[in-house]
Amino acid sequence: MIVYPLWHVGHQNEAGDNDSTVHVDQDGVFIDEQDGDDVKLLGIYSTRERAEERMKRARLLPGFRDEPECFLLDGYELDEDTWVEGFVRTPAGD
């Protein structure tokens, strides 16, 4: 089974020239949690299309629209040795 985690990176790093914030490098979205980047999991989706639709909606929201290209989306294959517990939906506010 393949699932599609969708991540957003809120950049606070000072990794660029003259301590500038680096959002994207040659490999895609730049992440440096040691420099204060905030990585949030927005959700795990059953299809790439659903994850892409969520990303489009997220780009319009405060907190995300300032960094609209700072999303990571990649397929991840689940197997018995990796995520044996499954997923649990937690209601908002819990």
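**Close-up views of a predicted model**

At 68% relative accessibility, Asp66 counts as exposed, where exposed means over 50% relative accessible area, buried under 20%, and partly exposed in between (1.4 Å probe, protein chains only). This is a predicted model, in which local features need pLDDT of at least 70 and side-chain atom pairs count only at pLDDT 80 or more, while totals for chains, interfaces and linings use all residues. Residues are numbered from 1 along each chain as its sequence is written, and side-chain values use heavy atoms, with hydrogens and water left out.

**View A. Asp66 in the loop between α1 and β5.** Asp66 belongs to the loop that runs between α1 and β5. Its C-alpha atom lies 9.2 Å from that of Gly10, although 56 residues separate Asp66 and Gly10 in sequence.

**View B. The whole chain.** Along the sequence the order is β-β-β-β-α-β-β. Of the 94 residues in the chain, 30% are buried. Contact means heavy atoms within 4.5 Å, and among contacts with a separation of 6 or more, 63% join residues 24 or more positions apart.

**View C. The largest nonpolar core.** This core holds 10 residues: Tyr4, Leu6, Leu42, Tyr45, Ala51, Met55, Ala58, Phe64, Phe71 and Leu73. A nonpolar core is a set of buried Ala, Val, Leu, Ile, Met, Phe, Trp, Tyr and Cys residues joined through side-chain atoms within 4.5 Å. At least two residues of the core come from each of β1 (2-10), β4 (38-45), α1 (48-58) and β5 (71-73). The most is given by α1, with three residues. Ala51 contacts Tyr4, Leu6, Tyr45 and Leu73, leaving aside neighbours within four places in sequence.

**View D. The aromatic pair.** A pair of aromatic rings is described by the distance of the centres and the angle of the planes. Rings of Phe, Tyr and Trp (its six-membered ring) pair if their centres lie within 6.5 Å; planes under 30 degrees apart count as stacked, over 60 as edge-to-face and the rest as tilted. By this rule there is one aromatic pair. It joins Phe64 and Phe71, whose ring centres are 6.1 Å apart and whose planes meet at 35°, so the pair is tilted. Phe64 is buried at 15% relative accessibility, and Phe71 is buried at 8%.

**View E. The surroundings of His8.** His8 lies in strand β1 and is buried, with a relative accessibility of 3%. Not counting residues up to four places away in sequence, the residues that His8 touches include Asp38, Leu42, Phe64, Cys70 and Phe71.

**View F. Arg59 in the loop between α1 and β5.** Arg59 is placed in the loop between α1 and β5 and is partly exposed, with a relative accessible area of 27%. Its contacts, neighbours within four places in sequence aside, are Phe64, Arg65, Pro68, Glu69 and Phe71. Arg59 and Phe71 are 12 residues apart along the chain, and their C-alpha atoms are separated by 9.2 Å.

**View G. A nonpolar surface patch.** Trp7, Leu41 and Ile44 form this patch, which has about 250 Å² of accessible area together. Patches are made of residues with over 30% relative accessible area and no salt bridge, like charges being joined within 9 Å and nonpolar side chains (Val, Leu, Ile, Met, Phe, Trp, Tyr) within 5 Å. A salt bridge is a side-chain nitrogen of Lys or Arg within 4 Å of a carboxyl oxygen of Asp or Glu. Leu41 is in strand β4 and is partly exposed at 44% relative accessibility.

How values were computed: Helix = DSSP H or I, 4+ residues; strand = E, 2+ residues; numbered from the N terminus. Areas by Shrake-Rupley, 256 points an atom, 1.4 Å probe, with all protein chains shown as cover.
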